[in-house]
Amino acid sequence: MVTFASVKELRHNRIFWYGFAMAFTINFGFLAFLIGKWLELDRTLPDNVANVVNYDRPNTLIIKAKDDTILAQFGDGAFDRKKITEIPKKLQQAFIAIEDSRYYQHKGVDIQGIARASVINFQSGEVKEGGSTITQQLARIVYLTQDRSIERKLKEVIIAQRIDNQLSKEEILQTYLNLVYLGSGAYGVADAAHRYFSKSLDELTLPEIATIAGITPAPSLYSPLENPEVATTRRNMVLTRMAQQGYITPEEAQSAIETPLKIKSSPLKRQIRKAPYFVEYIQKEMGKYVSRDKLAQGGIIINTTLNPQWQEAGEEVVEKAVNRYGKWQKFTQGALVAIDPRSGEIRTMVGGVDFANNQFNRVTQAQRQPGSTFKTFVYAAAIAGGMSPTKNYLDAPYVVDGYEPKNYGDSYRGDVSISEALTSSLNVVAIKTLIDVGWNPVIKIAQKMGIESNLQPTYSLALGAWEVNLLELTSGYATLANQGQHLQAHGITSIVNGNGEILYEAKLNPQTALDKNSANITTWMLQRVVQSGTGIPAQIGRPVAGKTGTSDKARDLWFIGYIPQLATGIWVGNDNNKETWGSSAVTAQMWRNFMLKATDKMPIENFGHPPGRLALDKATIKLEPLKPRQSYHKTTLVQQSPEELPQENTRRRRRRRRNNPI
């Protein structure tokens, strides 16, 4: 026991005074160090911290559809952020009870809480309570690391005070509850509710609320998926605290404590990908517009052109066709893309039927022979060069410079107009038209309309011998739907960072690829294909223009068609280029099935009117007729038989088509 006398004796004890002086010096020096460090950090830390409400972790990226539906999310962050009014009051109170009981009384830092935690930890001999407030935890999440240095703690205190000065308590709590890591990959309370209980926030019970609130200090330890017994103990502690602080009654707490922990887990929503082929396409495209450094900063939102409802319809159509017809028609893959002709926006992209096993996108990556769908570009160039759709050619067996094109089934029609030839997809007339137009005009028109793949000047060009992909082919037809005005097909409308700053915005101006009258005449010709030709299965009860296509030995089956508001292209075939036993009638039918759903609430519009004489007063491009070294008709015998009847489905017909592309 220390007495007054003993203290008095210390006055004359030299060792005591040396010790006192040393302790005073050390503590004074440490205090001076803290003050100096505080002043130094105060000058270097950010003054404006209100943007914490928009914070996203580094390397986080969200890809959204046209209607803001999240198609995919990458990086560690909350998938589903909620406003404070959407977070149940009891859930807010549970976090406050266990993490920061004086949340509404302090100014970002709770001195009383720190003192209380220090006493409890000292008495127990271990760290049982932390002194950090919810605001300090938010400061650490956004601005700091998890290291335990004094400097980091000082930074945390300074930033927390600034956050409290610049934001309301509701804004701070909302941001914290959306950012806090809650174990098993879940960020934010909404993700945790889905992850552990497969529920939305408003469906959570009191025991479930307490379970989520109890995870924060040690997410890997308190996760109910990892350690259900430990999580239950922690849950009960939260319930006890809530009762002690008056948020619930003791009876409510006891009832909840006696409730067994029931977990019904679900996969994280951010790991679910919608429209996976389209998402992959967007990931490749976004690098053209935003640097890697910007993307690495996180919080990037890619706003895209996709229509989720049409996407679901497209996926269903392709999958059903492959499953229903693929086995007996010998094809294993299909693809579909839909483009808004007036904006160039890609509304639907189905790159195949097995993304989980094969990410190869048959819309953008597969280079295939377009068959007779390419004839449209030949005839468009012919019309722009001054030809009339009523111009006649002799359709009969024909040889030019050793090249011998054949109609389907070796059937020939005699004198036919180019319009009739397109309707029935006659190969010989397409070749003759190409000769009169010239390779260069056809290639230039095709490129202006949207074809980007390499095209070479050969006679077989007219029959689609040079490979293209489905996206560019459909984009070319979209140019006709837009009366000759071409807009680059694209999937990104804008890219925005976490602060709302626009990093990229699509501002595309239409380019005249084909004069309006030529486009409208070509559309008129393609309407006849659907009305009475090979495209009959594509009829949907409104004006439609389009073209079927079948490459050599039916390796590729196509239908590309459009209405004024939407152009859609469909392909089926095999990745290994193996021949099929199918016909392009199946793709026309698929087109119909998709378009009926896509146009369900879309007003009916008519195409632009072609000039009355179905010909230009003056050509808009210069023709460059070819001069073959030798060309002749093998026979004058003519069989009056159409080349392709879409309703016919006999095995004999399929065998003949394999040898005669249309």
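Okay, hi everyone. Quick housekeeping: because this is a predicted model, local features need pLDDT of at least 70, side-chain atom pairs count only at pLDDT 80 or more, and totals for chains, interfaces and linings use all residues. Residues are numbered from 1 along each chain as its sequence is written, and side-chain values use heavy atoms, with hydrogens and water left out.

Let's start with the overview. The protein has 23 helices and 16 strands; these are DSSP runs numbered from the N terminus, helices being H or I with at least four residues and strands being E with at least two. Of its 662 residues, 53% count as buried. Buried is under 20% relative accessible area, exposed is over 50%, and partly exposed is in between, using a 1.4 Å probe and protein chains only. Now take contacts, meaning heavy atoms within 4.5 Å. Among those between residues at least 6 apart in sequence, 73% join residues at least 24 apart.

Two strands pair if DSSP finds at least two bridges between them.

Zoom in on strand 1 (residues 61-64): 4 bridges join it to strand 3 (residues 300-304), and the two run parallel. Ile63 has Ile302 as its bridge partner in strand 3.

Which elements give two or more residues to the lining of the second largest pocket? First, what a pocket is: on a 1 Å grid over the protein atoms alone, it is an open set of points with protein on both sides within 12 Å along at least five of seven lines, where lining residues have an atom within 4 Å of a point. This one holds about 500 Å³ of space, and 30 residues line it, with Asp56, Ile62, Lys64, Arg81 and Ile301 nearest its centre. The answer is strand 1, strand 2, helix 7 (169-179) and strand 3. Helix 7 gives the most, with 4 residues.

Now for helix 16 (residues 375-384). Is it mostly covered or uncovered? Covered: 10 of its 10 residues are buried, Phe377 and Tyr379 among them. What covers them includes helix 17 (418-424), helix 21 (516-532) and strand 13 (545-550). Just after the helix, Gly386 takes a positive phi of about 105 degrees.

Compare strand 6 (residues 392-395), where Tyr393 and Asp395 make up the covered face, while Asn392 and Leu394 are on the uncovered one. Its antiparallel partner is strand 8 (residues 414-417), joined by 4 bridges, with Asp395 standing opposite Gly414.

Last stop, Ile563, in strand 14 (residues 556-563). Why does Ile563 count as buried? Because its relative accessible area is 0%. Leaving aside neighbours within four places in sequence, its contacts include Pro341, Ile540, Met595 and Phe607. Ala545 is 18 residues away along the chain, with 6.6 Å between the two C-alpha atoms.

That's me done, thanks!

Note on methods. On a 1 Å grid over the protein atoms alone, a cavity is a set of points where a 1.4 Å probe fits but cannot get out, and a pocket is an open set with protein on both sides within 12 Å along at least five of seven lines; lining residues have an atom within 4 Å of a point. Grid points are joined across faces, edges and corners, and a volume is the space filled by probe spheres set on the points.
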